[in-house]
Amino acid sequence: IFSHTSPEMWFQGLFPPSVCPANANVDTFYGIMFDAGSTGTRIHIYTFVQRSPDQPLELEGEIFESVKPGLSAYVDQPEKGAETVRGLLEMAEDAVPPSHWKKTPVVLKATAGLRLLAEQKAQALLSEVREVFEESPFLVPDNSVSIMDGTYEGILAWITVNFLTGQLYGQNQQTFGILDLGGASTQITFLPHSKETLEQTPVDFLASFEMFNNTYKLYTHSYLGFGLKAARLAALGALEKEATDGHMFRSSCLPKQLEAEWHFGGVKYQYGGNREGETGFEPCYSEVLKVVQGKLHQPNEIHRRSFYAFSYYYDRAVDTDLIDYEKGGVLEVRDFERKAKEVCNNVDSYSSASPFLCMDLSYIAALLKEGFGFGDSTLLQLTKKVNNIETSWTLGATFHLLQLLGVSH
Ligand SMILES: O=c1[nH]cnc2c1ncn2[C@@H]1O[C@H](COP(=O)(O)OP(=O)(O)O)[C@@H](O)[C@H]1O
Ligand SMILES: [Ca+2]
């Protein structure tokens, strides 16, 4: 059982915690969770305190670091890929006191980038990472390096957000749905209230689990290939083609005169603007529409639920000044479309930021509206951190891990 106290409250006493006599029994626990995403690898080192043996663990803080590119970029150099993990793990040796190393678990879960690789290549990468873990001074549980099922990605991120916003304990639980837009996959997760949703939803979109003495039945799905970067390739038509080498993929979403190269998942792509043809929002939107139209399940109930959105929803909103990088903010779905029009109809003046900005914003608008079926005026809470903790599935995964290891109940 966990509870979350905001950091401000811990320092209300007269004494800092370390010298306060009442804290003499406080136990500290650490948990190390790696997120091997399609665009980068990240380490989350969580600190928990337990004030007395019968009290729940409290989340005290997080240390976060990341490297790019992700493991899948090292598809043919697994050892080099594992070295990036070693570098991050060395940070954990500084963050966790040596006396705690042996009982601090370290786990890595890979998401869509590795799901898309050939099984053998993905396993080679994971086995190199396993060796790095075994050489470390930390506790390496069984199955500590794996590819995570997309269903868990959504559930665990939902747990993180609702835990951090205080919706999983106490009275007045009003949970939030979550929208995560990664590089290679995207997740939608919420707690349905209506019987119709449960009846009209394919069974593999529903997941039951128990936590904090409650049973939850969530609507959740991970769409592989619908992350922002995978969507770029789909819009460019680069996924249908067998041989990408030497072929120039053109799009009306890109600056007319642009010609460039791009590496993703270990493959090189050449792409460019529509030199002869049209550019701008209208033709671009119809390109990205083809990527999502009719391909996603549209639960009616999303119109009546509130959603937190993060990852690339957040990053692209920051890039176009829709929200502040530190503070985040609340947006309407239509704000993404409005920005997409602005950027796409002026694509040359924005291309220094990223030549893909018009395509990315158009895709986000299309995904939300035509993919999931959100209305123009649906409000989205854009958030990167809550109480200074990253909104990532990694916290939910760490809870689950500590529970399995019997550190908490
Ligand atoms: O801890 C985090 N907090 C917030 N955003 C994160 C965190 N880790 C990754 N992201 C975001 O996730 C996006 C990249 O997706 P990722 O590389 O995880 O692809 P995938 O989920 O498809 O494997 C980026 O927008 C990045 O900012
Ligand atoms: Ca991710």
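**Exercise 1.** Which residues does Ser 185 touch, not counting residues up to four places away in sequence?

*Solution.* Keep in mind that you're looking at a predicted model. Start by finding Ser 185 in strand β8. Now skip the residues up to four places away in sequence, and Ser 185 touches Thr 111, Ala 112, Gly 150, Ser 222, Tyr 223, Leu 224, Phe 226 and Gly 227.

**Exercise 2.** Work out whether Ser 185 and Ala 184 are buried or exposed.

*Solution.* The cut-off for buried is 20 or more other C-beta atoms within 10 Å. Ser 185 has 26 such neighbours, so it counts as buried. Ala 184 has 27, so Ala 184 counts as buried too.

**Exercise 3.** Describe how domain 1 meets domain 2.

*Solution.* First, the bounds: domain 1 is 2-148 and domain 2 is 161-391. Their C-alpha centres lie 27 Å apart. Next, the contacts: 21 residues of domain 1 are in contact with 17 residues of domain 2. On the domain 1 side, β1 (2-3), β4 (57-67) and α3 (112-115) each give two or more residues. Finally, sort that side by class, and you get 8 nonpolar, 10 polar and 3 charged residues.

Terms used. Residues are numbered from 1 along each chain as its sequence is written. Chains are lettered from A and ligands numbered from 1 in the order in which they are written. This is a predicted model: local features need pLDDT of at least 70, side-chain atom pairs count only at pLDDT 80 or more; totals for chains, interfaces and linings use all residues. A residue is buried if 20 or more other C-beta atoms lie within 10 Å of its own, exposed if 12 or fewer, and partly exposed in between; C-beta atoms are placed from the backbone. Helices (H or I, at least four residues) and strands (E, at least two) are DSSP runs, numbered from the N terminus. Two residues are in contact if their C-beta atoms, placed from the backbone, lie within 7 Å. Domain bounds come from an automatic or database domain assignment. Ala, Val, Leu, Ile, Met, Phe, Trp, Tyr, Cys and Pro count as nonpolar, Asp, Glu, Lys and Arg as charged, and the others, Gly among them, as polar.
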